[in-house]
Amino acid sequence: MKILRSLAKDTLGFISLLVIVCTLIIGVCAPFISPNDPIKVDMSLRYAAPSFEYWLGNDHLGRCVLSRLIYGIRPSIIYVLIALLLSVVLGTLLGFVAGYFKGMIDAIIMRICDIMLSFPVYVITLAIVGILGVGLENILIAFILMKWAWFARVIRVSVMQYSDLEYVKFARAAGFNHFTIIYRHMLPVTFADIAVISSNSISSTILQMSGLSFLGLGIQAPAPEWGMMLNEARDVIFTKPELLLPPSLAMITIVLAFNFLADAIQVALNPKLASSKVGIQTKAKIVNSTLNEKEVAK
């Protein structure tokens, strides 16, 4: 509730939150909101101009661009958020285990993270797709397998900063089990770090998903997806540039909304950024220094 009250005071952050919520609602309710069938082919409407029935016109197969744009919210945003959530949950669990218990468990988990992080994300993603095959499910699996290590490493550093504090030692001495200590004493103080790193990763994950679909490695035709819509429209980029605008503007809008919301969340969780006297460059320095400290701390 404290975060929501802080977001309500941040105009840009609140507007971004409304844009994201409305977009997600439209995506979930796509079958009821979409004016036409997104995969229905009608060659008589090939490259038809916008009309009362087809507000954004039709593509190279006569399909409704608006309907495909609405249905594309699911793989482009909703499924990506689900995959990111699973990555955060897996990374958080392993990060807590490594940072709290330390010792051999910490060493094993961190060496696995080192191995995973030593390879470029796109290279391993392409390798996983090459093994499992193209498709939305395999891309999401690749994202989960590749991103959990980064979350685990950052969260583990955050947990280690609090695991040796006096109130944690007192809870251990009082006989509380490890799960209770982690849930009651460790999770609340590390929630801010989890929220910040998660919100900062959403935009990049959305762009990576759309980029792979643009290359033909993500969701496959005829299912609609924003990156695929861009790929289909690139052949007529000079003759029919209006086909590029809907998915491009949608992607730009949602990425900017998530970026602005991430900044607002950082301000809500970090009192140093909430001061009106702190300039944009100073805010950036504070955020960067905080993340760098968590990365290098041992």
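Which helix holds both Phe179 and Tyr183, and how many residues apart do they lie? Both belong to helix α10 (residues 178–214), where they sit four residues apart, about one turn of the helix; helices here are DSSP runs of H or I with at least four residues, numbered from the N terminus. The model is predicted, so local features need pLDDT of at least 70 and side-chain atom pairs count only at pLDDT 80 or more, while totals for chains, interfaces and linings use all residues. Residues are numbered from 1 along each chain as its sequence is written, and side-chain values use heavy atoms, with hydrogens and water left out.

The structure contains three aromatic pairs, meaning Phe, Tyr or Trp rings (for Trp, the six-membered ring) with centres within 6.5 Å; planes under 30 degrees apart count as stacked, over 60 as edge-to-face and the rest as tilted. One of these joins Trp150 and Phe151, which is edge-to-face because the ring planes stand at 70 degrees, with the centres 5.5 Å apart. Trp150 is partly exposed at 35% relative accessibility, whereas Phe151 is buried at 1% (buried is under 20% relative accessible area, exposed over 50%, partly exposed in between, with a 1.4 Å probe and protein chains only). Phe179 and Tyr183 form a stacked pair, 6.1 Å centre to centre with 5 degrees between the planes. Phe179 is exposed at 64%, and Tyr183 is exposed at 54%.

Turning to another helix, Thr23 lies in α2 (residues 11–28) and is buried, with a relative accessible area of 15%. Beyond its neighbours within four places in sequence, Thr23 is in contact with Ile73, Ile77 and Ile254, contact being heavy atoms within 4.5 Å.

How values were computed: Helix = DSSP H or I, 4+ residues; strand = E, 2+ residues; numbered from the N terminus.
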